[in-house]
Amino acid sequence: MTELLRIENLHAEVNGKPILNGLSLTINAGEVHAIMGPNGAGKSTLGHVLSGRDGYEVTAGSVHFMGQDLLSMDIEERAVAGLFLAFQYPVEIPGVNNAYFLRTAVNAHRRARGEDELDAVSFMRQARTLMKELKMNEALIKRNVNEGFSGGEKKRNEVLQMRMLLPKVAILDETDSGLDIDALRCVADGVNALRSAERSFVVITHYQRLLDYIVPDYVHVLSAGKIVASGDKSMALELEAKGYAWLQEGDEAKAS
Amino acid sequence: MWINGYSMSTNTSDIESLIGRRYEHGFVTDIETETVPPGLNEDVIRLISAKKEEPEWLLEWRLKAYQEWLKMSPPDWAHLGIEPIDYQAISYFAAPKSDKDRPQSLDEVDPKLLETYEKLGVPLHERARLAGVAVDAVFDSVSIGTTFKEELHKAGVIFCSFSEAVKDYPELVRQHLGSVVPARDNYFAALNSAVFSDGSFVFIPKGVRCPMELSTYFRINAAETGQFERTLIVAEDESYVSYLEGCTAPMRDENQLHAAVVELVAMEKAEIKYSTVQNWYPGDEEGRGGIYNFVTKRGDCRGDHSRISWTQVETGSAITWKYPSCILRGDHSSGEFYSVALTHQCQQADTGTKMIHLGKNTKSRIISKGISAGRGQNSYRGLVRVAKKAEGARNYTQCDSLLIGARCGAHTFPYIEVKNPTAQVEHEATTSRIAEDQLHYCRSRGLSEEDAVAMIVHGFCREVFKELPMEFAVEAKALLEVSLEGAVG
């Protein structure tokens with residue numbers, strides 16, 4: 001199996017406060033990994049560290065992305081190499097047209113691959129088709145990036161970007177939060193449509209619910225900055241029933 | 001964040017490095033100029049007037065302005081640090097040597113001059129034709145080539161250099177000169193009135209919609225020569241004109257004073273749209289040698305239902321002191337001010353507008369976008385005054401500042417004076433740092449840091465850019481890109 005992402009003993013801190021404490025995870029092509037865990041476990045931090053966000057300092061460990069040292073790459077290099085983060089809170093960019101933004105992003109990816117740029121007409125055709133699939137209001141492509149979008153519209157917009165950019169590894173950071181069941185389904189369908197033997201997903205979520213629609217190959221529980229348990233889909237159900245407390249207790253028991 | 005009347009500086013620094021910028025138009029064309037020796041006195045003014053073969057009344061007007069100027073002192077209220085200017089070290093007149101032998105067409109224009117325009121991206125002969133723009137190019141202090149004059153003539157539009165207008169339409173000039181900006185209006189306007197060199201004159205007769213955008217490219221070229229442009233635009237009843245002004249200058253060390261005066265007169269139901277893209281030499285990284293841009297621009301909505309709109313994109317000059325204003329005299333008249341001002345390195349700008357509501361049901365709208373980077377200092381200063389008799393006056397002001405880097409500053413000085421209880425005045429203001437999360441978002445979608453900054457800044461300025469004529473908007477966008485380029489890494 002082709003290894004896409006290998007995280008080894010990752011330690012990271014924010015403002016001097018350790019958040020990730022020796023996280024290790026290997027993701028092969030074609031796999032869907034769900035990462036669950038209580039608030040403050042470091043789930044979102046993992047996404048930010050992988051995407052290269054300023055202020056998230058890696059203090060130890062390594063991350064390899066398709067054989068490259070991910071941590072030495074710039075944010076945009078990671079993106080065009082095929083790493084995608086669907087943000088939990090997508091930012092608004094006033095005055096910047098959504099279509100223009102997305103086409104610029106698509107063409108940055110194409111340039112990096114040595115391909116010709118996509119012209120405006122072909123771009124719009126593709127975008128419109130995907131928006132229909134995502135049941136997204138077509139007007140959103142002409143609005144400013146995320147400006148005045150509802151929570152659900154922002155998340156759909158993230159999935160639209162993912163569909164257009166065709167990443168190798170997509171990290172979905174609580175993409176399900178704040179979505180009603182219909183929106184959740186749309187987003188999940190959007191992800192499932194991209195599932196393939198060459199592509200992997202890391203689905204960060206609080207709730208088991210999303211995993212009914214995006215069925216993971218592996219479920220990991222993150223607690224206090226490292227993975228404390230891994231299993232298959234059934235573990236998510238177990239977590240839902242029992243909560244995270246038993247894991248944390250186990251942790252403390254181990255530590256003492 | 002709401003900032004009113006006081007200053008704020010940034011204190012995060014990562015983006016600082018993005019704003020290094022080189023001035024692209026830094027070169028000097030070697031043309032011998034016929035320059036009056038430095039210094040200012042009545043004799044110099046007489047000489048200027050004589051060289052331009054002006055009528056007696058205009059000389060008198062200049063001399064009177066000079067006497068006023070002598071009694072005045074430079075304004076000190078702006079949020080600007082200005083080294084004292086030695087007005088006796090400035091030469092007050094320069095003209096290309098070929099002045100006496102004016103070229104009859106562009107073919108006869110000094111090739112070096114045309115080359116200069118090429119370097120500036122203003123291929124006069126091609127661009128003017130392609131874009132359907134009439135270009136009255138001002139080189140140093142004397143206008144050289146005027147195109148499309150005939151077409152305009154057919155429409156009854158007068159578009160010529162100010163000097164020509166003085167010769168050919170003395171009554172029109174005499175009637176309107178100083179009627180909007182009196183000679184004694186302020187220190188720099190008085191100086192301009194005394195020594196103004198040349199500029200543009202536009203007259204749109206009653207009921208005429210000017211068939212094309214009128215455009216003037218300014219350029220400062222002679223060392224140690226201040227430029228004192230004088231522009232007068234008169235739009236008669238029910239007429240319309242859109243006027244574009246764009247400028248750039250060669251790199252040099254000396255400070256160059258530029259004190260222009262622009263007067264607009266809009267009669268009943270007339271509309272004047274005045275757009276500026278200003279890219280003069282901002283000085284080196286320490287701020288040395290940049291242009292001092294002390295400009296008085298004012299429009300008089302004299303007739304009922306008249307409309308004047310100022311749009312400016314100010315990216316150049318070491319110091320900008322500029323408040324394009326509207327006097328809303330006619331009932332139902334409206335004034336607009338759309339501005340993008342970018343300061344970086346050591347640039348300083350104190351710019352804004354004045355909307356003086358005198359007539360009934362007058363409206364004004366102010367959209368100001370200030371961008372500060374490097375050690376740039378950017379101030380918005382705006383006055384909205386509603387006079388006692390201005391029933392039903394309305395104003396909307398939006399004033400946003402964007403800070404890039406840790407050492408720049410943004411300041412907002414709004415003045416609101418309302419003497420009529422029916423007035424509606426709204427003021428909104430924001431100051432924000434270029435957001436790290438926006439930058440991260442763009443970059444995580446594959447955009448380079450530079451492209452991301454440019455995109456966010458363009459977005460910030462969009463409301464103003466959309467007011468510019470298409471061609472100018474493209475130019476303005478490119479200008480901002482130049483301003484933000486070459487900085488990453």
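The notes below cover strand pairing in chain A and then a charged patch in chain B.

I kept in mind throughout that this is a predicted model.

Entry one, the open sheet. I looked up the strand order in chain A and found 4 strands forming an open sheet, β2-β1-β4-β5, with antiparallel pairing. The edges are taken by β2 (17-28) and β5 (68-69) of chain A, each of which has a single partner strand, so one side of each is left without a neighbour in the sheet. I then followed strand β1 (residues 3-14) of chain A, which runs antiparallel to strand β4 (residues 56-65) of chain A and is joined to it by 8 bridges; in this pairing A:L5 stands opposite A:F65.

Entry two, strand β11 of chain A. Strand β3 (residues 32-36) of chain A pairs with β11(A) in the parallel sense over 4 bridges, and A:I35 stands opposite A:H220. With strand β12 (residues 226-231) of chain A, β11(A) pairs in the antiparallel sense over 5 bridges, where A:S223 has A:K226 as its bridge partner. The hairpin of β11(A) and β12(A) has 2 residues between the strands, and A:A224 takes a positive phi near 50 degrees there.

I recorded a patch of positive charge in which B:R365, B:R462, B:K466 and B:K477 gather. B:R365 lies in strand β20 (residues 363-373) of chain B and is partly exposed, with a relative accessible area of 34%.

Key: Residues numbered from 1 in each chain as written. Chains lettered and ligands numbered in written order. Predicted model: local features only at pLDDT ≥ 70, side-chain atom pairs only at ≥ 80, totals over all residues. Heavy atoms only, no water. Patch = residues over 30% accessible without salt bridge, like charges linked within 9 Å, V, L, I, M, F, W, Y side chains within 5 Å. Areas by Shrake-Rupley, 256 points an atom, 1.4 Å probe, with all protein chains shown as cover. Salt bridge = Lys/Arg side-chain N within 4 Å of Asp/Glu carboxyl O. Lys, Arg positive; Asp, Glu negative; His and termini not counted. Charge placed at Lys NZ, Arg CZ, Asp CG, Glu CD. Buried < 20%, exposed > 50% of the residue type's maximum accessible area, 1.4 Å probe, protein only. Pairing = 2+ DSSP bridges.
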